[in-house]
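This report goes through a structure and its two ligand sites, then turns to selected features of the chain. The sequence and the structure are shown first.

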Amino acid sequence: MKARIYVARDSAAVAVGADRVALALAAAAARRGIDLDVVRTGSRGLYWAEPMVEVETAAGRVAYGPVGGDDVDGLFDAGFLDGGDHASRLGPTDDIPWLKRQTRLTFARCGVIDPLALDDYEAHGGFRGLARALSLGAEATIAEVEASGLRGRGGAGFPTGRKWRTVADAPAARKYVVCNADEGDSGTFADRMIMEGDPFVLIEGMTIAGFAAGASKGFVYVRSEYPDAIATFEDALGSARRAGFLGGNVAGSGFAFDIEIRVGAGSYVCGEETSLLESLEGKRGVVRARPPLPAHKGAFGMPTVVNNVLSLAAVPFILQEGAQAYADFGAGRSRGTMPIQLAGMAKYGGLFETGFGLTLGELVDDIGGGTWNDRPIRAVQVGGPLGAYFPRTLFDTPFDYEAFTARDGLIGHGGIVVFDDSVDMAKQARFAMEFCALESCGKCTPCRIGSARGVETIDRIRAGTARGEDITLLEDLCHTMKYGSLCALGGFTPYPVMSALRHFPEDFGLEIEPVGAE
Ligand SMILES: Cc1cc2nc3c(=O)[nH]c(=O)nc-3n(C[C@H](O)[C@H](O)[C@H](O)COP(=O)(O)O)c2cc1C
Ligand code: SF4
């Protein structure tokens with residue numbers, strides 16, 4: 001019988017040698033006269049174990065990782081094709097504790113199937129959510145998404161079903177679905193993993209959104225730094241069209257929908273939905289004043305659903321299994337699962353999908369395993385460059401939208417960046433202001449000018465000159481940016497700055513905790 005192994009083609013796995021390992025395994029098999037099928041999958045998200053190799057055995061898949069080129073002969077000698085023992089053996093894949101503790105709804109197929117094999121996708125439940133949506137009708141599809149409690153995974157946590165209903169109710173000759181795949185937040189990679197590892201789930205989610213909202217065209221706005229994701233997704237679009245899942249008659253239903261990729265040139269603010277729409281239309285990425293909301297007047301002036309990749313990729317499960325099956329997971333008003341991305345100095349970095357509600361401490365200490373150099377964790381930034389820094393005293397915060405907001409933080413796109421005790425938090429505060437100054441679209445004064453003055457003020461504080469006055473000035477500046485900025489880039493930059501000042505005053509040369517910005 002032909003032996004079969006699985007090696008990720010995900011760009012993060014490739015970056016640590018997955019292509020080399022796949023080639024070396026195929027070459028070694030040929031030398032040994034073994035008929036070997038090397039299937040390239042997405043990543044399971046255990047980046048700490050990549051390049052990971054999975055072997056199909058009679059008892060299911062067995063994983064080995066990280067596997068280096070030098071391990072290849074040793075693996076064959078150890079009989080790894082039958083699950084044999086080896087230093088890199090992680091055991092049956094489904095029993096690896098890091099994977100077993102997860103609830104994989106959105107990422108159920110990622111790392112399991114060949115991302116470009118439509119039949120593999122369908123064999124694993126693919127397109128059943130779309131079939132149910134088409135049989136339910138648009139109104140009932142929206143009701144199902146509302147009942148699931150799904151909220152936007154791009155950052156703001158706005159209820160997805162409500163957004164779809166607004167677009168569905170807006171009278172217009174043409175409507176659009178725009179998938180936000182800009183993924184600018186530090187420490188995040190889940191959108192990329194979906195586009196590289198399970199692109200059909202995004203196509204299915206967008207098609208359901210289009211059907212529900214009455215849109216005939218979808219765009220995926222993706223960053224140019226994701227060439228592999230773009231190529232894989234483009235390929236998947238072609239297969240979906242050929243199989244009749246996109247085009248003039250989606251799955252024989254009479255509903256017409258197609259998707260096009262638009263590549264951004266690389267700007268953090270182009271992830272903000274209105275500047276994204278400007279950029280998508282070929283203009284400079286500058287934030288639009290609201291109202292009108294994109295749901296009323298979005299792409300090309302037409303009502304538009306703008307959703308993150310993860311929001312859309314959660315939809316097929318909701319339609320296939322029913323709203324309640326999704327809503328059963330989670331905590332409080334944060335329903336379902338969140339694909340959390342552990343990054344920075346986390347010992348076990350990667351993608352961990354779980355229901356909302358685990359504490360930050362459980363995520364970074366227990367699942368993330370602390371830091372890779374075993375130094376103590378000093379701070380954790382959650383939610384990208386605009387997220388607050390949390391010290392250990394806040395590690396009891398449950399991972400859900402409301403709990404983080406209550407502690408002046410945000411969960412954003414689910415990125416968690418871990419810092420060890422060598423971090424200089426005054427430097428991090430400066431970095432936040434500098435980032436805002438560099439990425440500001442320039443439309444409003446508090447952000448454009450405030451961030452530049454913020455950098456100068458922090459520089460003076462760090463240099464130890466005119467300390468007292470400058471702290472007051474920095475707090476005042478943060479207050480103005482928070483309440484006077486047109487969008488969340490200027491409005492949220494005060495969070496990392498003020499949290500650094502509040503929780504780590506000693507790094508600013510202060511002996512007492514300063515009062516917050518409010
Ligand atoms: C500065 C800035 C950057 C943003 N970057 C992203 C991004 O990279 N991806 C994303 O999905 N949303 C991003 N957002 C949020 C979007 O404006 C918008 O809320 C989101 O795409 C809506 O989709 P959702 O409801 O599915 O979350 C950003 C917002 C701001 C203010
Ligand atoms: S806050 Fe900054 S990025 Fe947002 S509109 Fe104002 S200048 Fe542009």
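In this predicted model, a backbone N or O atom of Glu 273 lies 2.9 Å from an oxygen atom of ligand 1.

| Residue | Part of the residue | Atom of ligand 1 | Distance |
|---|---|---|---|
| Glu 273 | backbone N or O atom | oxygen | 2.9 Å |
| Asn 308 | polar backbone atom | oxygen | 2.8 Å |
| Ser 311 | side-chain N or O atom | oxygen | 2.6 Å |

Taken on its own, ligand 1 has 610 Å² of accessible area, and the protein covers 91% of that area. The space that ligand 1 takes up is the largest pocket.

Around ligand 1 there are 19 residues. Gly 154, Asn 180, Asn 307, Asn 308 and Ser 311 come nearest to the ligand. By class, the shell consists of nine polar, six charged and four nonpolar residues.

Which elements each supply at least two residues of this shell? They are strand β9, residues 304–308, and helix α20, residues 488–492. The largest share comes from β9, with three residues.

Ligand 2 has a shell of its own, made up of 13 residues. Cys 441, Lys 443, Cys 444, Cys 447 and Cys 487 are the closest of these. Ligand 2 sits in the second largest cavity. Its shell divides into eight nonpolar residues, four polar residues and one charged residue.

Next come the salt bridges. How many does a search of the whole structure find? The search finds 40. One salt bridge is formed by Arg 40 and Asp 19, whose closest N and O atoms are 2.7 Å apart.

The remaining points concern the backbone. The peptide bond from Gly 65 to Pro 66 is cis, and its omega is near -10°. Pro 66 is placed in the loop between β4, residues 60–64, and α3, residues 72–77.

Another cis peptide bond joins Pro 291 and Pro 292, where omega is about 5°. Pro 292 lies in the loop between α12, residues 273–280, and β9.

Ala 251 is not a glycine, yet it has a positive phi of about 50°. Where is Ala 251 found? Ala 251 lies in the loop between α11, residues 227–242, and β8, residues 258–264.

Notes: Residues are numbered from 1 along each chain as its sequence is written. Chains are lettered from A and ligands numbered from 1 in the order in which they are written. This is a predicted model: local features need pLDDT of at least 70, side-chain atom pairs count only at pLDDT 80 or more; totals for chains, interfaces and linings use all residues. Side-chain values use heavy atoms; hydrogens and water are left out. A residue is near a molecule or strand if one of its heavy atoms lies within 4 Å of it. A polar contact is a pair of N or O atoms within 3.5 Å; within protein, one must be able to donate a hydrogen and the other to accept it, and residues adjacent in sequence count only if both atoms are side-chain atoms. Accessible areas come from the Shrake-Rupley method with a 1.4 Å probe; for residues, only the protein chains shown count as cover. On a 1 Å grid over the protein atoms alone, a cavity is a set of points where a 1.4 Å probe fits but cannot get out, and a pocket is an open set with protein on both sides within 12 Å along at least five of seven lines; lining residues have an atom within 4 Å of a point. A molecule sits in a cavity or pocket if more than half of its atoms lie within 2 Å of its grid points. Helices (H or I, at least four residues) and strands (E, at least two) are DSSP runs, numbered from the N terminus. Ala, Val, Leu, Ile, Met, Phe, Trp, Tyr, Cys and Pro count as nonpolar, Asp, Glu, Lys and Arg as charged, and the others, Gly among them, as polar. A salt bridge is a side-chain nitrogen of Lys or Arg within 4 Å of a carboxyl oxygen of Asp or Glu.
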